[in-house]
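Please look over the sequence and the structure below before reading on. The report that follows takes up a few backbone features and then the nonpolar core.

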Amino acid sequence: MTSHKILCELCDEPLVTALLSELGRPLTGEMFCPLGPGYDNPFQATQSWRYMLCPHCHNRPFAVTDEQATASTADQWDGPETVKTDKGVYWIGSKYFPGVSPSRDVVIPTEEDLEAEWNARVNAGLVATTVKINSPKYSATSTHRQKADKVSKKKRGGARGM
Ligand SMILES: [Zn+2]
């Protein structure tokens, strides 16, 4: 899995990088790595997301509601469910790519489903099993090619003369 840039959700500045597979709730500093050579991890290894601050806008870099913050203090909420990456929002702990929300109802058909659908269409006569091409459009004539050759030769000749 490749490393992704993690952005501040409030000011959009890239803060750290992370392997998405290394992220888990609740987020702690050790799950993140510096942006690159010459950069520090702005978070301490054992630091909870609750105390993380964006070095650019000085806010907590996660968009958390007051209710969520209160719930997390009482250990009733494990903290942010998402992080903002340079490729979009990533749902922590999911197998979804950044930018894809697992809450969307996407039905992924099985091979059997697809085959059943295909067979139903064939049986209903909705699928053309042979295609005849006898349109004159598709039979290229030699005169067209000859004309094209002449034009390109003229152009080349002109360019050489200059
Ligand atoms: Zn910020």
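Asp 75 lies in the loop between H1 and strand S3, the latter made of residues 82-85. In this predicted model, Asp 75 has a positive phi of about 60° although it is not a glycine. Its surroundings can be described by counting neighbours: Asp 75 has 8 C-beta neighbours inside 10 Å, and because a residue with 12 or fewer is called exposed, Asp 75 counts as exposed.

## The loop between S2 and H1

A positive phi is also found at His 58, a residue other than glycine, where the angle is near 60°. His 58 is placed in the loop between S2 and H1, and it is exposed, with 11 other C-beta atoms within 10 Å.

Pro 26 is likewise placed in the loop between S2 and helix H1, the helix being residues 66-73. The peptide bond that leads from Arg 25 to Pro 26 is cis, and its omega is near -5°.

## The largest nonpolar core

The largest nonpolar core is made up of 16 residues, and those with the most contacts inside it are Ile 6, Val 16, Ala 18, Leu 23, Met 31 and Phe 32. Strand S2, which covers residues 14-19, supplies the largest share of this core, namely three residues.

Conventions. Residues numbered from 1 in each chain as written. Predicted model: local features only at pLDDT ≥ 70, side-chain atom pairs only at ≥ 80, totals over all residues. Core = buried A, V, L, I, M, F, W, Y, C linked by C-beta atoms within 7 Å. Buried ≥ 20, exposed ≤ 12 C-beta atoms within 10 Å, placed from the backbone. Helix = DSSP H or I, 4+ residues; strand = E, 2+ residues; numbered from the N terminus.
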